[in-house]
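Hello,

Here is the structure I promised to pass on. My notes on it follow just below.

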Amino acid sequence: MDGHIMQNQVVNFAVDYIMKNLRSELKVEDVARACGYSPYYLERLFKAETGESMYSFMKRVKVEQSAFQLKVEKERSVSTIGEEYGYSSSNYATLFKKHFGRTPAAFRRQIHQELQESSFFHEPEAGLWDYERCSRNIHVAENQEYFVLYERRKGNYHNLAENWRDFLKKYEAFIGPDTVFLEITYDDPSIVPDDSCLYDICMTVDRRDPRLMFQKTAAVGITSRIQTKTFPSTMTIPGGKYAVYRYSGYPKLIYKAYQSMLCSWLSETGYRIDHRLGYDIYHRIDEDTLYMELDICIPIKEK
């Protein structure tokens, strides 16, 4: 899949609400109430846009996000992480094994080797970068809030370059000298199947721009299936404390930098992953050589 654009603004709001409330006992009725629609109608929109029922999406994302916590928070017990997502120890082990084909403990033992076998991981013989090397490129910063225009896609991260070209062409009228380009990736491709990954391609805009008028209507809800004009989707990316990896190099090693930051650097510090969105900020891309400069920003909090 090349990255299906999720143009349905109501469904995008539902996804945002689900992601923010994964650790609560969330039900379809709760999401529908937050969106202002009946559960039946919202389910129809959600399934048409994502290819999944809302219940299946919530169940899948919850266990996959818990797996990410197992991977990066090595000092926390399996039962503690399961309980954080609302599961008892036995229920969590059963659900996890049904989804991943192994127990949470086995997953935790094996994932660090398996992430190096990903199609995204180049130079596997060299392994991850260690804490010392990561530390030379990482600093902790208080990042500002960003108001952005975005396109959300569901698909394969391998197609990001093409997706960016399409996005920039479509919204070139919004680009100015101070525009910041960001990318939010919701899923870790060492855990989530390639075609199920969610990601947002974003750029900062003036929230007062009249071209960004938001209309929450049924017509907007089905525009990905019919050819009618829609308003661009917008959101606010929160500020706060982030670990920032200043990456300079080529695209093939970005995944290695990201995984090294999570698996080598983070475990040696006094920080834990926060529940805010992580994102990349693009500073420079050479279209001829593909040399890049970007910040990988991971939300953190004190342990």
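Let me begin with Asp-166, which lies in helix H9; helices here are DSSP runs of H or I of at least four residues, strands are E runs of at least two, and both are numbered from the N terminus. Asp-166 is partly exposed, at a relative accessible area of 42% (buried means under 20%, exposed over 50%, partly exposed in between, with a 1.4 Å probe and protein chains only). Its C-alpha atom is separated by 14 Å from that of Gln-7, 159 residues apart along the chain.

A word on the source: this is a predicted model, in which local features need pLDDT of at least 70 and side-chain atom pairs count only at pLDDT 80 or more, while totals for chains, interfaces and linings use all residues. Residues are numbered from 1 along each chain as its sequence is written, and side-chain values use heavy atoms, leaving out hydrogens and water.

Back to H9, which spans residues 160-170 and has Leu-160, Asn-163, Trp-164 and Phe-167 as its buried residues. Down the helix axis these fall within an arc of 100°, so they line one face of H9 (the arc is taken from the directions from the axis to the C-beta atoms). Arg-165 and Lys-169, on the other side, are exposed. The cover over the buried residues includes strands S3 (146-155), S4 (181-185), S5 (197-204) and S9 (279-285), with contact meaning heavy atoms within 4.5 Å.

As for disulfides (pairs of cysteine sulfur atoms within 2.5 Å), the count is zero. Cys-134 is buried at 0% relative accessibility, and its sulfur is 9.6 Å from the closest cysteine sulfur, in Cys-263, too far for a bond.

Best wishes
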